[in-house]
Amino acid sequence: MSARQIVIAGGGLAAQRCAETLRRRGFDGRVTMVCAESELPYDRPPLSKGVLAGTDSTAVHFRDAGWYEDNEIELLVGRRAEALDPAARRLELDSGESLSYSELLVATGAVARTLPQLAGFSNVHALRTLADARALAAELAPGSRLTIVGAGFIGQEVAASAVELGAEVTLLEALPLPLAGLLGEGVGRWLADLHEDAGVRMLLGAELTGGRGNGRVEELTLADGSAVACDAVVVGVGVRAASTWLAGSGIDPEAVLVDGAGRTVVPHVYAAGDVCRALDPVRGVHTRTEHWDAASRQGANSALAMLGERAGPVPLPSFWSDQHGVRIQYVGHAEIADRHVIDGDPAQREFSVLYSRGDRPVAALAVGRARELISMRRLIEASREQTTDEIERSRT
Ligand code: FAD
């Protein structure tokens with residue numbers, strides 16, 4: 001048996017994939033996972049979809065407790081990584097325990113951003129954890145008035161699940177159209193229509209100024225002087241890396257940079273998932289991806305790198321979203337596109353969008369066209385290296 005001890009800080013997807021890969025590749029040393037939540041590691045995408053809508057009664061946990069026992073993964077739940085001492089190769093926990101490691105994976109994910117204007121109200125929710133989903137689900141009932149601040153994908157999915165439950169939903173967005181900056185006005189308009197057709201009240205270009213109420217917010221106030229009455233609020237305005245505990249470790253908590261194999265700037269310390277900024281070979285910059293596929297692959301790749309094996313290629317960013325019975329799939333880098341073409345009929349909820357930079361495809365979005373997305377992904381991957389070269393040239 002190897003004398004090495006691999007410690008994983010975090011108990012989400014990236015952590016889980018790292019542990020699974022270590023055992024699958026035959027690592028027989030100690031593996032310890034430190035999870036802040038008092039839950040077996042679980043998957044987050046169902047939280048805003050089936051779990052909230054009450055239609056997904058299946059467990060969201062990746063594995064049952066027996067799997068961790070059988071695979072000799074020591075699971076420390078309800079304990080937080082608090083500090084890292086790289087010289088001594090020790091991870092300090094909030095319980096007072098100190099774990100020594102031969103390799104450490106930082107996989108503490110992200111936490112939801114909050115709005116100071118709404119601090120202190122008990123009916124203002126985030127949606128990041130299973131506990132958040134349970135608290136929010138308890139507020140949703142037919143006729144209850146839910147306002148969601150932020151029409152990103154999480155906000156939109158919460159809106160879709162809440163109308164399905166019979167809630168009266170208002171979706172507040174500061175921009176003129178949801179996600180139009182990244183996906184284009186046509187897609188932004190289509191998303192807004194999708195929600196309005198399903199009964200969601202869209203308030204676009206709306207700037208939140210504060211909330212009124214005693215303990216519980218009863219009304220949100222907007223910059224144009226109007227107000228929105230509500231029984232509960234969800235704030236979906238993005239996330240920040242859960243990395244403040246790395247202060248003083250030599251890794252910048254503001255930017256946990258990793259290379260293609262997940263190595264940080266500190267020897268023997270790797271990072272994966274939402275907490276890190278992985279090197280994006282297309283744009284040549286480090287970015288946080290905040291999507292399931294990236295966290296899964298980065299977790300597995302870090303395990304391979306720890307074992308001295310060749311890590312898989314850096315995946316293209318990709319995500320899916322389920323709203324009002326429609327699956328939206330996306331792959332690539334629409335942020336570097338200079339044009340896009342919509343094919344199909346958005347009104348029929350069956351279309352695809354190919355985003356290009358010059359004549360090279362760089363991203364694709366598909367609604368009701370899963371197979372087409374696979375072929376568009378291949379096209380984008382094939383042109384990826386040329387795109388990298390082109391961007392490099394445009395910089396010089
Ligand atoms: P996380 O899943 O956040 O896990 C990190 C874990 O570390 C958490 O359990 C946390 O409690 C723990 N932790 C934090 N700090 C510490 C500490 N100091 N010590 C120990 N443990 C700590 N992506 C998609 O591509 N498609 C989707 O449809 C989609 N839907 C989503 C819906 C919701 C509601 C949410 C919240 C996310 C969704 N995502 C989706 C994003 C996807 O789930 C994340 O990208 C993924 O979970 C990231 O995995 P991770 O392991 O990096 O972080």
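Buried area is the accessible area, taken with a 1.4 Å probe, that two parts lose on being put together, summed over both. This report applies that term to a predicted model, in which local features need pLDDT of at least 70, side-chain atom pairs count only at pLDDT 80 or more, and totals for chains, interfaces and linings use all residues. Residues are numbered from 1 along each chain as its sequence is written, and side-chain values use heavy atoms, with hydrogens and water left out.

| Domain | Residues |
|---|---|
| domain 1 | 5-111 + 240-306 |
| domain 2 | 114-237 |
| domain 3 | 325-395 |

The C-alpha centres of domain 2 and domain 3 lie 29 Å apart. Their contact (heavy atoms within 4.5 Å) takes 10 residues from domain 2 and 14 residues from domain 3.

Between them, domain 2 and domain 3 bury about 880 Å², of which 78% is on carbon and sulfur atoms. On the side of domain 2, Leu182, Leu183 and Trp190 lose the most area to domain 3, together 57% of what that side buries.

Helices here are DSSP runs (H or I, at least four residues), numbered from the N terminus. Helix H6 (180-183) and helix H7 (185-197) each supply at least two residues of the side of domain 2 that touches domain 3. H7 gives the most to that side, with six residues.

Between domain 2 and domain 3 there are zero salt bridges, a salt bridge being a side-chain nitrogen of Lys or Arg within 4 Å of a carboxyl oxygen of Asp or Glu.

Notes
Domain bounds come from an automatic or database domain assignment.
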